[in-house]
Amino acid sequence: MLLAGLLAGSIFFYSGLTQAAQVNNKTVAAQPTAAGSTVSPAPKATTPASAVAKSQRGADFYRKRWGIDNVVVRATASGELIRFSYRIVDAEKAALINDKSKSPYLIEEKMGLALQIPAMEKVGQLRQTAKPENGREYWMAFSNKNKLIKPGSRVDIVIGNFRINDLVVE
């Protein structure tokens, strides 16, 4: 009997703490900061964590070694194209990625696929090759005509000596 009472009391106590914490979180979010601006909730992430580097250490590596961040691989055009996009943080280091003379490949090792960037008759290759600028986002689109690569597939991007392994397609 004493054990049942203790158990019931702890359940009510725990639920009360949870409700108090929720009220505190709402109150803190609604209060203005010292600078006079209001605290807004964090924006929703536009990319799932699985599409980004697996760790902060991995993201730091790509930023320091290749001068890029915000790496995303996404199926577009009803799955007919796979878009690789990134933001340049160091234009000098990222020059290799935008080099027209280097052919980019999207590799899916399980099926043994290597997708290339299609060249359209009037448009040319579906990739940006402008001189890299810091803070600017760039992209390239790989042909996925048979829709063999689907969201959730793990792929590698290879452009000359540049390689990013094990990215998850959104």
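**Salt bridges in a predicted model**

Asp69 is buried, with a relative accessible area of 10%. Keep in mind that this is a predicted model, then look at what the Asp69 side chain pairs with: Arg63, in a salt bridge at 3.8 Å from N to O. Arg63 comes out as partly exposed, at 30% relative accessibility.

The background idea is simple enough: side chains of opposite charge can pair when their charged atoms come close. With a cut-off of 4 Å between the nitrogen and the carboxyl oxygen, the model has nine salt bridges.

Now go to Glu109, whose side chain forms a salt bridge with that of Arg163, at 3.3 Å from N to O. Glu109 sits in the loop between strand E3 (104-108) and strand E4 (113-115), while Arg163 belongs to strand E9 (residues 162-168), so the pair ties together parts that are 54 residues apart in sequence. As for solvent, Glu109 counts as exposed at 55% relative accessibility, and Arg163 as partly exposed at 34%.

Next up is the pair Arg136 and Glu133, with their side chains in a salt bridge at 3.8 Å, N to O. Here both ends get the label partly exposed: Arg136 has 33% relative accessibility and Glu133 has 46%. Elsewhere, salt bridges with shared partners link Asp60, Arg63, Asp69 and Arg87 into one network.

How values were computed. Residues are numbered from 1 along each chain as its sequence is written. This is a predicted model: local features need pLDDT of at least 70, side-chain atom pairs count only at pLDDT 80 or more; totals for chains, interfaces and linings use all residues. Side-chain values use heavy atoms; hydrogens and water are left out. Buried means under 20% relative accessible area, exposed over 50%, partly exposed in between (1.4 Å probe, protein chains only). Helices (H or I, at least four residues) and strands (E, at least two) are DSSP runs, numbered from the N terminus.
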